[in-house]
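User: Could you take me through this structure? I would like to begin with the overall picture and then move to particular residues.

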Amino acid sequence: LYTAAESIRIITALIYPVMPYAASKVWAQLGLGDIEQAARNGELKDLKWGGLKPGTKLGELGPIFPRADKEIIARMTALEQTNAPAPVAEAPAAIKVAPKVEAMTESKLEAKLEAAPAPTPAKPAEPAKPAAPATAAPAAPEAAAAPAATPANTSPQITIDDFAKVELRVAQIKVAERIPKADKLLRLEVDLGYEQRQILAGIAEYYTPESLIGRKVVIVANLAPRKMRGLESNGMIVAASLGEAGKPVLAGFLEEVEIGARLK
């Protein structure tokens with residue numbers, strides 16, 4: 001039994017950087033206290049066999065990964081199958097932006113310009129008819145440019161009151177870890193300055209958990225909570241989707257910004 005407990009202690013210390021939430025639970029159940037404090041003290045760097053003292057009283061025991069309700073599992077499985085083609089359909093982690101629409105508009109404009117009749121500069125031999133070049137040359141560019149404004153506005157307009165209802169805030173990621181049997185989801189714990197909350201984001205295919213620790217992101221702070229994989233998500237990470245594959249790129253800041261600041 002001691003060999004098993006000491007093995008678990010060493011394994012827990014090794015997996016702490018990538019699974020801090022689960023590792024902290026195991027560490028406490030071994031009766032070793034706060035694993036974050038142990039990491040700050042350097043106890044996790046120099047691991048030697050025999051570090052678990054005989055007679056150590058175990059902490060309060062409990063499941064590390066609670067079993068999800070069967071109905072929730074069935075709903076999530078159906079949702080994954082329905083949204084399989086979408087890379088991040090499992091969680092609303094991305095907000096689409098307009099580069100794709102602009103690219104389509106430019107290609108259509110080029111095709112129009114190529115198909116339009118070119119101006120004919122061969123008429124200078126008729127100086128008595130100055131009106132002829134004016135009707136032939138500008139007509140083609142104006143006709144080609146007119147459709148460019150049509151597809152630009154693809155979403156319905158909203159008022160400033162509608163926008164004010166969305167509470168966008170700066171948050172810093174403190175914990176990031178993968179969720180068992182969920183290839184697309186990451187479980188994040190973010191700090192808003194005035195509180196910490198849990199958010200599930202469908203970015204596991206594009207971001208590793210360790211690359212997100214300490215990163216400042218934009219979240220929708222007043223989004224209604226929803227449950228996925230038996231866990232509650234309280235908010236949404238804001239990102240842009242690039243290319244046809246829909247790879248999410250997290251929104252961030254070039255300058256230093258205070259945690260919890262609201263975007264206006």
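Analyst: The answers below go from the whole chain to single residues.

User: Before that, what kind of model is this, and how are residues numbered?

Analyst: This is a predicted model, in which local features need pLDDT of at least 70, side-chain atom pairs count only at pLDDT 80 or more, and totals for chains, interfaces and linings use all residues. Residues are numbered from 1 along each chain as its sequence is written, and side-chain values use heavy atoms, with hydrogens and water left out.

User: What is the strand order in the open sheet?

Analyst: The open sheet has five strands in the order E3-E2-E1-E4-E7, with antiparallel pairing. Its edge strands, strand E3 (196–201) and strand E7 (236–237), each pair on one side only. Two strands pair if DSSP finds at least two bridges between them.

User: How many bridges join E2 to E3?

Analyst: Six bridges join these antiparallel strands, and Leu-188 stands opposite Ile-199 in E3.

User: Where is Arg-187, and is it buried or exposed?

Analyst: Arg-187 is in strand E2 (residues 182–191). It is buried, with a relative accessible area of 2%.

User: Which side chains does that arginine meet through polar contacts?

Analyst: The side chain of Arg-187 makes a polar contact of 2.9 Å with that of Glu-189 and another of 2.8 Å with that of Gln-198. A polar contact is a pair of N or O atoms within 3.5 Å; within protein, one must be able to donate a hydrogen and the other to accept it, and residues adjacent in sequence count only if both atoms are side-chain atoms. Leaving aside residues up to four places away in sequence, Arg-187 touches several others, including Tyr-21, Ile-179 and Leu-231; contact here means heavy atoms within 4.5 Å.

User: Changing topic, which residues of H2 are buried, and what covers them?

Analyst: Pro-20, Ala-22, Ala-23, Val-26, Trp-27 and Gln-29 are the buried residues of H2. Their cover includes helix H1 (2–15), helix H3 (35–40) and E1. After H2 comes Gly-31, with a positive phi near 80°.

User: Which residues have a positive phi without being glycine?

Analyst: Among them are Lys-181, with a phi of about 65°, and Arg-229, with a phi of about 55°. Lys-181 lies in the loop between E1 and E2 and is exposed, with a relative accessible area of 77%. Arg-229 lies in the loop between strand E5 (226–228) and strand E6 (231–233) and is partly exposed at 24%.

Definitions and conventions. Helices (H or I, at least four residues) and strands (E, at least two) are DSSP runs, numbered from the N terminus. Buried means under 20% relative accessible area, exposed over 50%, partly exposed in between (1.4 Å probe, protein chains only).
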